[in-house]
Amino acid sequence: QKQFDPSKRTIVLLGTGWGAVSFLKKLNTDDFNVIIVSPRNYFLFTPLLPSCTVGTIELRSIMEPIRFITRHKSRNVKFYESECTDIDPESKTISITDVSDIKGAVSNTTIPYDYLVVAIGADNQTFGMAGVREHACFLKEIWDAQKIRTRLMDCVESAGFASQTPEEVSRLLHMVVVGGGPTGVEYAAELHDFLKDDLQIWYPELVDKLRITLVEALPNVLPMFSSQLIQYTERTFKQNNIEVLTKTMVKEVADKEIKVMDANKNMVSIPYGLLVWATGNCPRPLARKLMARLKEGGQSSPRGLLIDEYMRVAGAQDMYAIGDCTFTKYAPTAQVATQQGLYLASVFANLARIERGENRKISPFEYTHQGSLAYIGSDRAIADLPFLNGNVSVGGVATYVFWRSVYISNMFSFRNRFLVVGDWVKSRIFGRDVSRE
Ligand code: FAD
Ligand code: NAD
């Protein structure tokens, strides 16, 4: 690999998620020095994260160390496992902090950039509601899936404790999911499969008491899917005994119960053992700080960084942003972040050519929607796919096979594909592991 070249410009890339890794994979590092800053030294394949909460897939199977990616680049790419805590667009520097448990003599520093690519994703939306961060589990990062898996088994084992009271058995075995977007739906689906395939065998005395409830503020789940697929999902959930409470908004969260306003505007208390919170995204503190700094330059939305169609951050020089940290007309999905990352790498290829004196025109970003897919349990998936200027909505077992093949082919490495397929085969043959970690 070629080494750092002071005569070349340096791109500092924040993040190792979908946007950042797509960008990095396509970027020609002959033209630039690259420094990556991220608190996570791996890429996470989020679409299969719900499967990790019950052990259908093991966590490490969907993680790809960032160094497995950087080693294939023509120039050595530096990686600092740290969090960017501040961006100074005036001096073109960023502050970084080692936020891991183990630190050396230096754990804070400042690094300069010529170009900055912000791909830091988003935080979990809590609407500032007290109790959510303390008592609920999110489903965004690897440790969230791990926490859910542990708590779930803890609830089941505590419900089986000697002479446990019937009220506590009922509470401990009530798994409540807040948010009927794809994250909440896919989690409820995986939980149902675990219940039907495994808990039924290992906890026959408890399994009939285990309940799954999905709470959604809107009149239906999965608002981004066609009405036909929404109905199909709601029917499948009904068959699978997943209770869906629509037009129901969570108002308060305590350690053992939530208070909701139901469809009739009554306040109702719902006791729970496990609470999974999936009500969407909000900007991370770093993005909020940057937005406040660039307010005069046009950062006027509280929902994320505003960018133009070339991914340039409004109000800053030589700064780009992609993925969930931005607020655009597109949904915050891996599909969008990936296409933006690939596009931005081509922008940099053109910038390098222009610097070499070639005549190049940079075209604006164009998004191509390849469809929406979600797993809904019992080996069924749903898909809204663009087809001949229209849309095809399909659901069922064949769609599930398609769902699996799409996700496998979208994984970045053969190693991850191999591990995931191995996990699928393993959980089919031996069942999922019910030990509490
Ligand atoms: P991320 O992938 O979240 O990456 C952000 C990166 O920034 C991370 O590496 C993080 O560690 C790093 N970072 C955070 N803070 C800092 C900081 N201060 N400094 C430096 N680095 C920082 N989308 C789909 O299209 N299809 C799906 O099937 C799908 N399934 C999903 C399932 C789940 C459970 C979830 C949670 C999301 C799913 N999504 C799906 C959405 C998709 O994961 C996101 O849209 C996508 O991850 C956005 O990519 P990103 O690069 O913007 O952010
Ligand atoms: P989301 O924003 O898609 O859905 C959140 C849901 O929570 C909404 O339906 C909202 O009405 C509901 N909600 C909000 N506050 C509530 C409250 N107080 N009480 C009850 N319900 C409340 O969030 P998500 O599911 O986490 O998805 C985030 C992004 O990731 C989306 O863009 C989504 O498309 C993407 N994603 C895609 C897939 C997939 O394609 N299979 C899977 C997961 C996530």
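I took a charge to sit over a ring if NZ of Lys or CZ of Arg is within 6 Å of the ring centre and within 35 degrees of the ring normal. By that criterion I found R404 over the face of W424, at 4.0 Å from the ring centre. I also found K78 over the face of F4, at 4.4 Å from the ring centre.

I noted that this is a predicted model, in which local features need pLDDT of at least 70, side-chain atom pairs count only at pLDDT 80 or more, and totals for chains, interfaces and linings use all residues. I numbered residues from 1 along each chain as its sequence is written, and I used heavy atoms for side-chain values, leaving out hydrogens and water.

Next I looked up ring pairs: rings of Phe, Tyr and Trp (its six-membered ring) pair if their centres lie within 6.5 Å, with planes under 30 degrees apart counted as stacked, over 60 as edge-to-face and the rest as tilted. W18 and F412 form a tilted one, 5.6 Å centre to centre with 55° between the planes. W18 lies in helix α1 (residues 18–26) and F412 in the loop between α11 (397–410) and α12 (414–430), so this pair ties together parts 394 residues apart in sequence; helices (H or I, at least four residues) and strands (E, at least two) are DSSP runs, numbered from the N terminus.

I then checked accessibility, where buried means under 20% relative accessible area, exposed over 50% and partly exposed in between (1.4 Å probe, protein chains only). W18 is buried at 13%, and F412 is partly exposed at 24%.

I recorded W18 and F412 again in one aromatic cluster, together with F43, F45, Y375, Y400, W403 and Y407.

Definitions and conventions: Chains are lettered from A and ligands numbered from 1 in the order in which they are written.
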